[in-house]
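Let's take a walk through this structure together, one piece at a time.

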Amino acid sequence: MRVTQGCFSFLPDLTDEQIAAQVQYCLDKGWAVNIEFTDDPHPRNTYWDMWGLPMFDLRDAAGIMKELADCRRVYGDRYIRICGFDSGHGWESVRISFIVNRPREEPGFRLDRSEAAGRNLRYATHSYAADRPEGKRYADQ
Amino acid sequence: MNIQQSMTVRGKDRYKSGVMEYKRMGYWEPNYEPKDTDVIALFRVTPQDGVDPTEACAAVAGESSTATWTVVWTDRLTAAEKYRAKCYRVDPVPNSPGSYFAYIAYDLDLFEPGSISNLTASIIGNVFGFKPLKALRLEDMRLPVAYVKTFQGPATGIVVERERLDKFGRPLLGATVKPKLGLSGRNYGRVVYEALKGGLDFTKDDENINSQPFMHWRERFLYCMEAVNRAQAATGEIKGTYLNVTAATMEDMYERAEFAHELGSNIVMIDLVIGYTAIQSMAKWARRNNMILHLHRAGHSTYTRQRSHGVSFRVIAKWMRLAGVDHIHAGTVVGKLEGDPNTTRGYYDICREDFNPMQLEHGVFFDQNWASLNKLMPVASGGIHAGQMHQLLDLLGEDVVLQFGGGTIGHPRGIQAGATANRVALEAMILARNEGRDYVHEGPEILAKAAQTCTPLREALDVWKDVTFNYESTDAPDFVPTPSMAV
């Protein structure tokens with residue numbers, strides 16, 4: 001399966017040139033750009049690990065592309081996303097977020113159901129990758 | 001027009017028993033300077049033939065505040081001058097002989113804090129049936145910060161909604177389940193699953209789906225939540241479906257909303273026809289229960305569509321932002337339903353900006369400061385399709401829900417294919433826009449290129465390529481570029 005979180009998951013994987021253009025768009029808007037990675041892509045996993053601090057003062061996409069290359073060297077078997085953060089009043093949150101790296105195999109999720117009274121079901125989304133300990137989830141790749 | 005003398009009768013003559021013209025009773029005060037705390041209403045007044053325009057406008061001020069048809073001595077038991085609404089400006093409507101824009105100021109003390117019902121009982125109460133007027137339309141309102149701050153505002157707001165859904169940087173995509181009536185709960189859930197798995201963020205109940213013989217509400221809720229959870233697991237993405245909790249009584253609505261909450265839904269839906277008090281109740285419920293609240297504007301066209309009489313939708317949008325809904329249908333411009341581009345732009349700004357400057361070409365007559373009240377997500381729905389993606393993005397921006405009902409479910413290769421086509425078209429357009437391309441003009445090329453790696457999009461573009469709805473709008477703003485020249 002393909003995790004479709006983020007802004008561009010329905011398109012073919014972005015090239016570095018395309019990623020740099022999106023990063024430049026963020027920088028031109030005055031947003032801080034942040035690189036984050038995880039090996040647990042559960043849809044409610046909000047806090048992916050940060051690759052350093054958000055780059056508040058950078059103005060050139062090349063610096064972020066270099067960081068991305070470094071991050072890929074260490075965590076190339078995981079999901080990596082780029083986020084643009086707008087600290088402007090009234091937003092003060094993420095403005096754009098898109099996946100720039102994926103594990104070769106994406107095992108996806110299982111839906112667990114437990115039956116309750118009155119035909120109610122309790123659902124739990126179970127990430128297959130998370131069955132293994134952190135750091136070893138995509139080890140075979 | 002404003003260099004006029006007040007005609008107000010003062011002293012004890014003002015209270016002599018009998019009938020007195022409204023403009024002499026204190027409802028026409030051309031020298032009045034509205035206070036920062038005043039509520040201001042702008043009416044389009046069309047007096048009956050032979051009725052003096054100033055008198056007609058003064059009467060609107062009177063009938064929407066303290067006046068009755070005759071002088072009453074009991075006015076003297078109150079600070080009557082404070083409570084009288086004051087018409088302070090009357091302009092002829094440009095290119096519309098016989099109609100006048102009346103600016104009327106209301107003291108804040110006239111209104112109960114935090115109650116749309118109370119506000120509307122005055123402003124659009126008896127006055128709309130007043131015989132000396134042929135027609136009356138409430139065009140716009142300026143809501144003072146002191147009043148705005150008495151409202152909760154949108155239960156969730158655009159930013160928190162995006163955070164909860166983990167979706168940033170692009171419009172959200174939705175579809176209304178079709179056919180709107182007749183599907184069983186099991187079949188209905190199938191449409192929801194297919195659309196969400198195919199790539200939509202939301203599906204939606206239609207306004208008149210409540211609890212009918214073919215599908216009682218519990219069936220719908222249970223099957224829909226199965227579909228939402230299945231699609232979420234299949235994509236790793238948060239999904240939602242607007243469960244319409246509109247019902248005959250508040251008790252029924254709360255029961256349905258509680259059930260939606262218990263099943264883990266992140267959004268519920270109501271119709272405008274439930275009324276302002278019910279909407280505010282549901283907004284408070286939604287805030288308490290971490291629920292996004294979608295409003296379908298069912299019924300609004302009965303009073304918003306004609307230029308001469310009723311209430312402009314921009315006023316309804318302002319009231320709904322105060323009342324506290326998170327989503328409101330606000331037009332598509334290019335789709336099948338009414339919507340002049342400039343007027344629609346005005347509605348969108350009212351939903352999404354923290355400050356609206358006066359902008360007559362958008363129908364916005366006043367500066368409006370929202371004082372950090374949450375923003376409300378406009379929804380574009382009705383007759384739109386993937387081939388219009390560049391126009392939709394250009395006209396409606398990023399913080400909007402684009403709802404392709406027919407444009408998803410009517411896809412020749414099925415609902416999932418329809419959803420995928422829309423999602424790919426959207427992502428391709430956002431990518432191109434962010435790259436700095438002239439996406440409005442290159443839109444068709446961008447879509448064609450994206451369709452090379454996405455057959456469903458290719459098919460959607462082929463099927464709907466020529467579908468447009470180009471009709472004259474019935475509600476465009478009346479303005480001349482420099483307002484003072486209209487006098």
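Predicted model: local features only at pLDDT ≥ 70, side-chain atom pairs only at ≥ 80, totals over all residues.

The C-alpha trace of chain A spans about 55 × 40 × 25 Å along its principal axes. Of the 141 residues in chain A, 33% are buried. And if you take the contacts in chain A between residues at least 6 apart in sequence, 56% of them join residues at least 24 apart.

Now turn to where chain A touches chain B. Here 30 residues of chain A are in contact with 32 residues of chain B. On the chain A side, the elements that give two or more residues are helix H1 (16–28) and strands S4 (93–101), S5 (109–115) and S6 (121–127). S4(A) provides the largest share, with five residues. Sorted by class, this side of chain A has 18 nonpolar, nine polar and three charged residues.

Let's finish inside chain B, with a pair of helices. The axes of H4 (residues 116–123) and H10 (residues 276–288) of chain B come within 8 Å and cross at roughly 160 degrees. Angles over 145 degrees count as roughly antiparallel, so that is how H4(B) and H10(B) run relative to each other. Their crossing is right-handed. Where they meet, H4(B) brings B:Ile116, B:Ser117 and B:Thr120, while H10(B) brings B:Tyr276, B:Thr277 and B:Gln280. Two residues of this contact are nonpolar, four are polar and none is charged.

Methods:
Residues numbered from 1 in each chain as written. Chains lettered and ligands numbered in written order. Axes fitted to C-alpha atoms, helices over the stretch in contact; angles between N-to-C directions. Helix = DSSP H or I, 4+ residues; strand = E, 2+ residues; numbered from the N terminus. Parallel < 35°, antiparallel > 145°, perpendicular 65-115°, else oblique. Left-handed = near helix turned anticlockwise from the far one by under 90°. Contact = placed C-beta atoms within 7 Å. Nonpolar A, V, L, I, M, F, W, Y, C, P; charged D, E, K, R; others polar. Buried ≥ 20, exposed ≤ 12 C-beta atoms within 10 Å, placed from the backbone.
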